[in-house]
Every structure is written in C-alpha cells, then in structure tokens.
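Here's a quick briefing to read alongside the model. Grab your viewer and follow along by topic.

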Amino acid sequence: MTLPTRFSILSVFILLPLFTTAQPDNGDEVLFYLGDEPFSLKEFDYYFLKNSDDHTADSAKIKINEYFDLYLNFRLKVKEAEAQRMDQTKAFKDEFEGYKKQLAEPYLMQTKVKEEMVQVAYERKTQEVSASHILVKTNDQGNPEDTLKAYNKALAIKRRVLDGEESFDAVAAKESDDPSAKKNGGNLGYFSALQMVYPFENAVYQNEIGDIVGPIKTRFGYHVIKINDKRKARGQVLVAHIMIRSKPDSVSMASTKEKAQSVYQNIKSGADWNEQCQLYSDDMRTKPSGGELQWFGAGSLVPEFENAAFDLTSKGEISQPVQTRFGWHIIKLIDKKGVASFEEMRADLESKISRDTRAKDKKSTALKKLMSTQEFKRDEVVRKDLINEFDSSLLEAKWKYSQSHPNLAKAIFTTNGNKYTLEQFFKYVIENQKKRKLTALHTYVYQLYNQFEQKSIFDEELTLIEANNYDYQMVLEEYRSGILLFNLMEEEVWNKAMVDSVGLGEFYEKNKKKNYRLAEHAVVRRFVSKDSLVLQKVASQLDKPNSELDSLFNKEEPLTLQTFEEKIERGKQPWLESRWFVGSSIQKGKSYHTLWVVQEIRPDGYKPLKGIKGMVISDYQKELEKDWLKRLSRKFPVKVNKQVLKAYIERFEN
C-alpha cells in the first residue's frame, strides 16, 4: 500500500492528524492521562498548530476544545490497539518498516539538491514546448539483444529523417509504436515541465527548435524527437463549456454541429448561458454549475479545446463551436492568470518531483554528498575481488558462504570510521538474492554490492535523523499510530457493521422514522420547447418513449424539443404544487414552455434498506464507534489537566 491510500481513509474518518505517544519531556507539562499514561501538551501543540486554520481570539476556545475531543478519542483507540498488542504482530512490523523507508526519503535527500531541482522545474514551467516523437517500444524484461535491436531501429529512423528522405510526421505515421501517430504524425502539442517522463522532458528543454534528438530511452522505449516550437507559458485559463456529444459517424457529427450552431446563435442573440447549458449540454458533470471546468494550462486538455479557450481574451467572451473527438463545444471565458510565482508553486512542484523519476537523480546526488560528509572510504582491491567469491548458484538464488571463510572480517568500505565487512555483504546477498536468467554473474554481483553500499550509507544517516530530528520522530509515530488505528477500526467497527446483518436490520428499524424517510414524490416526464404548439403535438404522442420523441421533433431543427425524465419531491417544484396528480399540463414562459407529464405519485414512506444499505451501514458504524468509545473511556479513565488546557487556550486569546 502506498502512503496516501490508507491515510486518506483515516483522515476522512478521524478528521485530525494521527498523534504521537511519548513520555513528556523533562519540564514539559502533562495535558491529560489515560489510565496511568501521561500525554504531553507539547505534542498536542505541535499538531494543533500544524493542522489548524488561523486562530482568532473569538474562536480559539471552540477550535481547541473541538480538536481536543477528537484527539482524546484517537488516543483512546490507539491505546486499545497497543493493549491488544497489535503493534507486536509481524504484519504490523512489516508494514511499518515499509512506510519508514518511504517516509525517510525527504529527510535523507539533501535540501540543496531538492532546491535545485525545484528551481529548474519552475524555470521550465515558464516555457511551453511543442514536440513530435517516434516511439520504438522495448520490453523492460527483454534481453539485451532485443534492446539493442530497438535502439538500432530508432537510430535508423532518425537517419531517414535527417537525410530528408521523408518528413518527420510521415515517418512517424509509418514507423511509430505510439498508436496516435497514425493520426497526428507524432505531434504531442504543447506541454510544460512535469507533464512528460523526465528523460523526454530533459531532451526537449535542453535542445533547440528544429533539432532532431535521440534515440532517448524512457520506460516506454526509444524516442526520436523533433522540437517544433518553444514559447512563453500562457499560464492558466478558467472556462465554462456547453458540450454537444457526437458519435464518430458522419451523420452524427453533422447533426451535432448543427445543434451546436443553434445553441451558439441562441446565446449570441441574448439567451442566458446557464439556461442553455442546463437545456442542451451533454456534460453531466459540469452542467449543474453552468459548465464550469477547473483551471488548466498547456497539455491538460485536447489541443483544439485548449487553443480555443486561450484564444478568448475578454471575460465573458464566447467562442464559436469547436470540434474535438468528444463532439462540439461552445466555450465561455471566465478568467485567465499567468504563471504563478515560485513560492506559490513550490509545494506543488516539490510534491510532483518526489513522485517523478528525477527523484532518482536527486537520490544519486544526495548519495554523493553523504559519502563526502561520512568520510566514505572504499577498499577497491576488496571490491574488485568480490567476483571471485561467487559462482552460478547466485543466479539460481541458492548461493551460500562458509562461516570459516578467512576474510569475513575484512572491510569493504568504512563510513565515519565504521567498518562494513565482507560478512555483512554476504548476509545481505543471502537475504536479497533472486533468480536471474538473463543477467551475467559479474553484472549481478556488482548490482547487489551497489545496493548494499547505498543502503548502508543511507541507513547510517537515518540512524542520526531518528535520534536527532524531532519532525521525523513525530512523522514516524504518526504513521505507526495510523496503522494501528486502521487495523483496530477494521476489526472493532467497520467489519462488524458489514457482517452483522441482524444488528444492521435492528438499527434500520430503530432509526428509519428519523433518518430514512422517503418524501412523497412524482415520477415525471418533462418536455421543453420554444413553441407551445410543439408541446401540444408531443402531448398527443405520449405513448412514445422520450428517445423516439427526441428524434422525431428534432429531425428538422435540432433545438426544437428537449426531453427529461425526473423524480420530483413534493414542494420542490412550484408549478406542480397545484397539479399534484397524474396528468399533464403546459407551463408557459417568456422564452421557453414546458410540458409536465406526471406519470405516478408515490406516497410518503421509508426508503427500503436494500436501496440504501451503504448509507445505513455507515450510520451503524458511527453508532458502534460511539458505544465502543464509551467502553474505552471506562477502561482507560481520562483525567484532564484543566489548568494546563485553560492556560493553553488563553495563549491565543491574549
């Protein structure tokens, strides 16, 4: 499990960070006890300040008390997990060790290295590059001969382009293993930093317009790249759109184009944008908010849409219908902004760099710096002779060493005067050897040695960090407690609610009058048109389904009729209040008229358990947790130092 998965679940559940358990430092005040165990103000203060919003005098007491209640509940749960010795299980220890390795990386990577990478990424973000590529795929598990074959093929393709035999896009359409190249000639459009894999990004930013670069190796294979253009970054744009979806056939494209043009003319003639969006847009995700999208920049959306959006200059300006592979779009400009400042982008850049392959470069640079600060010294003679200690059994993962080997105590390297011996390396090999069919013995021996050397250097640095870095200590315990909490909640609350069908049924019956009422509602067909005569014709053909009526009335003019099927609660639609019975009625408006067809009135009642089981399970889990916390507070009596808590609150009020 990667770091975000489990802890995003936890954050939704407990609504506060995961707090640490440690004996109070000398001179640190005890905030409360659970049983006989003290918990310090220092820890509470650390996390409260880290995670709370601005603390104003009129809200400090409320915020701190709310936070404190959540903190107490959390501590009770973790203490129970420890009482059940969940932190002693092998599964817990293995998972926690896995998290430790991930959490350690930011502390092991030197600040200067990280800062340089963030600066370069920001500088690249201020420029957008247009490039085309030809891909020759490789298999990561393939043998060296296949990799060489792919490289030579890419090299030959590059020569064809450089010799002018054919244009780049023509060669891309014929030779590229990127399926899209057959349509776009390998053209990737404009993009910026952190949108392509790192080796590809480096190649385009480090070369000039018109250059043919490569072959460049990435995880996808070898790329031959043409740099088409570079320009100042356009920043970001915020737009709304009305989308008329189309199928790929020519008839559908023609009819949707006509419909889009009609909607566009309506808007240009003064029709309300939100009204037109509600009536005609096929983007169900955005139409409730007037078609508004999120801010985006170069390389985020399909080029046709992106270019049309950035071509708009005035807020409120409307584009003519724009075709993409999804259909036709009418775009309205809401706002534009340039590239954010370095400080504004820093956190986002740091986060993306930590997940990007350039993190490997960062690790390599940090390793070199640590080797220097740790006074690393390697015995090159011993290292060179390592190959003589191994045979083909290593490639079968069956290699062993003799305890009577005369040189087990011999040092391969030292750091800070600490010796790392041949025996330590041999033990590492025993634990980490894997079968290798396609790797030469010499290569595999030194792969294992390099891994051992790197691990030893980083582990030594991490030992110092664990002992001296308070932030890292807190983060480690945060994740330790988080794993315990998740496992305990799964056992005590979540799984119980899922499997206890009898208890769930009883909970539903007990709470259905309060929580699961189903209001009286009408099942409705709704038809909208500018022409009331059209609605009268529709009213005479209600035996036909909506889809058939849509096709029939929109055959000549695409916006003649809009059709909807809905469930409407009583009191939610004023027009129907005096017409709350099965039947039809026409509501006339200034621009549009509506035919309401009430098919059925469903009375007030209760939502059936089968239809809302997920919601009921969630509510049942909350009740189980509430009862369980009461039991825990009796098991581990809470004693709060009210004077310490009061004085802490007063710090924010003065």
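Are F32 and F39 buried or exposed? F32 is buried, and F39 is buried too, where buried means under 20% relative accessible area, exposed over 50%, and partly exposed in between (1.4 Å probe, protein chains only). Keep in mind that this is a predicted model, where local features need pLDDT of at least 70, side-chain atom pairs count only at pLDDT 80 or more, and totals for chains, interfaces and linings use all residues. Residues are numbered from 1 along each chain as its sequence is written, and side-chain values use heavy atoms, with hydrogens and water left out.

**Aromatic pairs and charges over rings**

- Searching the whole structure turns up 33 aromatic pairs, counted when ring centres of Phe, Tyr and Trp (its six-membered ring) lie within 6.5 Å; planes under 30 degrees apart are stacked, over 60 edge-to-face, and the rest tilted.
- F32 and F39 make a stacked pair, because their ring centres are 5.0 Å apart and their planes sit at 10 degrees.
- Y508 and Y516 are stacked as well, at 5.8 Å centre to centre with 20 degrees between the planes, and both of these tyrosines are buried.
- There's also a cluster linked by ring pairs, made up of F376, F390, W399, Y401, F413, Y420, F425, F426, Y428, Y449 and F452.
- R231 puts its charged end over the ring of Y190, 3.5 Å from the centre; the call needs NZ of Lys or CZ of Arg within 6 Å of the ring centre and within 35 degrees of the ring normal.
- K337 lies over the face of W295, 4.3 Å from the ring centre.

**Nonpolar cores**

- The largest nonpolar core has 55 residues, and L31, F32, F44, I64 and F68 touch the most other members; such a core is a set of buried Ala, Val, Leu, Ile, Met, Phe, Trp, Tyr and Cys residues joined through side-chain atoms within 4.5 Å.
- Helix α18 (residues 470-499) gives the most to this core, with 13 residues; helices (H or I, at least four residues) and strands (E, at least two) are DSSP runs numbered from the N terminus.
- Leaving out residues up to four places away in sequence, I64 touches F44, F48, L645, Y648, I649 and F652, with contact meaning heavy atoms within 4.5 Å.
- A second, separate core of 28 residues includes L370, Y446, I457 and F458.

**Strands and sheets**

- Strand β3 (residues 127-137) has nine of its eleven residues buried, so the rest of the structure largely encloses it.
- Eleven bridges join β3 to β6 (residues 221-232) in an antiparallel run, with A131 opposite I227; strands pair if DSSP finds at least two bridges between them.
- β3 also runs antiparallel to β4 (residues 187-191), through three bridges, and S132 stands opposite N187 there.
- Elsewhere, three strands form an open antiparallel sheet in the order β10-β11-β12.
- β10 (377-378) and β12 (418-421) are the edges, each with a single partner strand, so one side of each has no neighbour in the sheet.
- Two bridges join β10 to β11 (residues 411-415), and K377 has T414 as its bridge partner.

**A look at H521**

- H521 lies in strand β14 (residues 521-529) and is buried, with a relative accessible area of 8%.
- A polar atom of the H521 side chain lies 3.1 Å from the backbone oxygen of A519.
- Neighbours within four places in sequence aside, H521 is in contact with K567, I568, E569, R570, W580, E600, I601 and R602.

Conventions
Polar contact = N/O pair within 3.5 Å; in protein donor to acceptor, adjacent residues only side chain to side chain.
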